[in-house]
Amino acid sequence: MTMEIFLQNMANGITLGSLYALLAIGYTMVYGILRLINFAHGEIFMISTYFAFYGTAIFALPWQISFLIAIVLTALLGVVIERAAYRPLRDAPRISALISAIGVSFLMANLGLVIFGGRPKTFYRPPIFQTPIELGGVRVVALFFVIPALTAILLVALNYIVYKTKTGLAMRAAQWDFDTARLMGVDVDRAISITFAIGSALAAVGGIMWGLRFAEINPNMGLFPGLKCFIAAVFGGIGNISGAVLGGFILGFGEIMLVAFLPGLAGYRDAFAFILLILILLVRPTGLLGDKQRVKI
Amino acid sequence: MRLHRRLMTALLCLILVSLCGITAAQRETEIRIGVYEPMTGAMAAGGQMTYEGIQLAQEQRPTVLGLPVRVILVDNRSDKVESATAVTRLIQKDKVCAIIGSYGSALSMSGGPVAQAAKVPVMGCSPTNPLVTLGNDYYFRACFIDPFQGRVMAQFAYEKLGARTAAIIQDIAQDYAVGLANFFKQAFTEMTGNPKSIVAFTSYQTGDRDYTAQLTYVANAKPDVVFAPGYYADAAVLITQARSLGLKMPFLGGDTFEAPEFTQIGGKNVEGVYFSTHYSADAPVTPASEKFVALYKAKYKIAPNTFAALGYDCYNLVLDAIERAGSSNPVAIRDAMAKTRNFVGATGIITLDANGDATKSAVVLVVRDGEFKLVDVVHPR
């Protein structure tokens, strides 16, 4: 393998890894606050791409506005899902909420099939993101810089919200104990709604980047990215935002390098992700950056 | 309250029983033909196009043996497990006497044994993997098979494009793609006489979206052409990424590239892609082709595609067999189907061989200005 090809593979890894990272943040965020694995995250991601698609394709909006509306609508969708499917189960055992999440995931995937149709749609890709750029033999498109930059900005912004603002304080209080937080005057329901709004907005940003990168969207597209980002989040230490970014990058790089070094095994790259999950669960169940499990009593 | 509930239960039972009675009574008044096709999932376009052709054929020929034909569609969701379930459902619940389907060789291969065990004949429209009909005397097909298709593309690459080396990127999750990749490899190495003429061979899985690592590997091998058998959406995304990584050589594929989504998703990137398929409206082969093209254009207002044409032919092949069998007995239909000779279809003259396969010519199309243009017709030897 020459240097040039190695660098090209590095670039490929950064592109894929930052995309996984972006999606994993939303996943880990909801888990961090609620201790709920939101299996519907992948489907929220899928629906967000359709919001953006319809904005540009049917309402003929400029892409900037269409993307913005898609993010807002997806955030609202997240809040609605939380209110309808998770809030009634707030005091039920955690497994009930988990099953409810799986139910929401299936419901949305199938609703997507009925409403959007089974055939794939083409996501509008503004040419500005597709500008080819060549750096010393390594070929990328402009999007190569956009996705990691966006991931970094969102990482900083989220850490700020969670650790430096009053809303973040309320979120973290809710994370420890709903009842105690309520006694301290924290509006737990509001904090959770905001968590879902932010988590879903992140899914929408991820969805739009996914659409810009791969051009094709379909109602089943949420499943695998959803699983991969769950793996990335667990790998980095679920609940930890920086960990999710790290996990996403490692997963993206791992997949690319597996194919780069062993092209004969390219068909097994999904298996690689799952083996990674099993290994991390065996060796370090709390993930790379996860702190020791805080068990609520 | 309790009485009320009981009453409701009794009423429901009554309705159910009477419903069963109605379906039982209907059994003799119509001929039921099952269709299992992917209407959703990764192959949805193929299934939907095929079903359009079947619907068109049914409108043209709504009765057989003096009875109305009812076509019952079950979506196999592009999924191998669902596909077997779909066939079971058509046979056990809908009691069909013959089945049409399915786009996607893997889907047909999982539905086939179910139909064989129940002794219900199946007419495949476009599953091209040889294993679909091999060892299954209840499975037939209206299309050519992949040893031929692989050879057609290898020959096209070798003779028309002057290629001496090739790379292969296959969809490893699909029997269709894996089979076709191997037949292409066989034919191409045979033609070049160089066992090392396939300079790169790698895979992906249906639904994967990032192909950059595979393409970087292929780019490094510097092949003259890249053969990438797989389904339309995956292939379009793959070729788009190939172009942005600077791969300029021609990309080649099989009949699954033929879907409007291929050019919609791929846009300018798929210009100049060559693929083989069963039929082109630009090269009508029989009087039936011209009739089909006119009917299709009148109904759907667009130029017809291969899969609609094959769906149209399959419906007529099944009706033809029922007519010759003179009954709706599945075994009798199977025997009549096996004797199909010189059937004039929209996609060509269909004669089924001992395996239940048709021997037909292939066409090679190219994407030009977002449309599929005919470049070559290859006849079987």
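How many C-beta neighbours inside 10 Å does B:Ile333 have, and does that count make B:Ile333 buried or exposed? In this predicted model, B:Ile333 has 26 C-beta neighbours inside 10 Å and therefore counts as buried.

B:Ile333 belongs to helix α12 of chain B, which spans residues 330-338. Leaving aside residues up to four places away in sequence, B:Ile333 touches B:Cys97, B:Ala98 and B:Pro121, and also B:Ala321, B:Ile322 and B:Ala325. B:Val122 stands 211 residues from B:Ile333 along the chain, yet the C-alpha atoms of these two residues are separated by 9.9 Å.

B:Thr50, a residue of helix α2 of chain B, is buried because 30 other C-beta atoms lie within 10 Å, where the cut-off for a buried residue is 20 or more. With residues up to four places away in sequence again not counted, B:Thr50 touches B:Glu37, B:Tyr103, B:Cys125 and B:Ser126, together with B:Phe307, B:Ala308, B:Leu310 and B:Gly311. The C-alpha atoms of B:Thr50 and B:Val35, which are 15 residues apart along the chain, are separated by 9.9 Å.

## Helix α7 of chain A and its buried side

Helix α7 of chain A runs over residues 166-176, and its buried residues are A:Ala170, A:Met171, A:Ala174 and A:Gln175. These residues lie on the same side of α7(A), because they cover an arc of only 145 degrees around the axis. Such a pattern can be read against helix geometry: an α-helix has 3.6 residues a turn, so residues three or four places apart point the same way. On the face of α7(A) turned away from the buried side are the exposed residues A:Lys166 and A:Trp176.

From α7(A), the residues A:Thr167, A:Ala170, A:Met171 and A:Ala174 take part, and they meet A:Val188, A:Ala191, A:Ile192, A:Ile194 and A:Thr195 in α9(A). Sorted by class, this contact of α7(A) with α9(A) comprises seven nonpolar and two polar residues, with no charged residues.

## Where chain B touches chain A

Between the two chains, 30 residues of chain B are in contact with 25 residues of chain A. On the side of chain B that touches chain A, at least two residues each are supplied by α2 (44-60), β8 (198-204), α7 (212-221), α8 (232-244) and α9 (260-266) of chain B. The largest share, six residues, comes from α7(B). By class, the residues of this side of chain B divide into 12 nonpolar, 15 polar and three charged.

Helix α11 of chain A (residues 241-261) packs with α7(B) at an angle of about 30 degrees, and their axes are 8 Å apart. That angle makes α11(A) roughly parallel to α7(B), and α11(A) passes α7(B) in a right-handed crossing. The contact is made by A:Ile256, A:Val259 and A:Ala260 on the side of α11(A), and by B:Thr212, B:Ala213, B:Gln214, B:Thr216 and B:Tyr217 on the side of α7(B). This contact of α11(A) with α7(B) has five nonpolar and three polar residues, and no charged residues.

## Backbone exceptions in the loops

Most residues other than glycine have a negative phi, and most peptide bonds are trans. A:Arg35, with phi near 55 degrees, has a positive value in a residue other than glycine; A:Arg35 lies in the loop between α1 and α2 (41-57) of chain A and is partly exposed, with 15 other C-beta atoms within 10 Å. In chain B, B:Lys301 is not a glycine but has a positive phi of about 60 degrees. B:Lys301 is placed in the loop between α10 (287-300) and α11 (306-325) of chain B, and B:Lys301 is exposed, having 7 other C-beta atoms within 10 Å.

A cis peptide bond, with omega about -5 degrees, joins B:Gly101 and B:Ser102. Of this pair, B:Ser102 lies in the loop between β4 (98-100) and α4 (105-118) of chain B.

Key: Residues numbered from 1 in each chain as written. Chains lettered and ligands numbered in written order. Predicted model: local features only at pLDDT ≥ 70, side-chain atom pairs only at ≥ 80, totals over all residues. Buried ≥ 20, exposed ≤ 12 C-beta atoms within 10 Å, placed from the backbone. Helix = DSSP H or I, 4+ residues; strand = E, 2+ residues; numbered from the N terminus. Arc of directions from axis to C-beta. Contact = placed C-beta atoms within 7 Å. Nonpolar A, V, L, I, M, F, W, Y, C, P; charged D, E, K, R; others polar. Axes fitted to C-alpha atoms, helices over the stretch in contact; angles between N-to-C directions. Parallel < 35°, antiparallel > 145°, perpendicular 65-115°, else oblique. Left-handed = near helix turned anticlockwise from the far one by under 90°.
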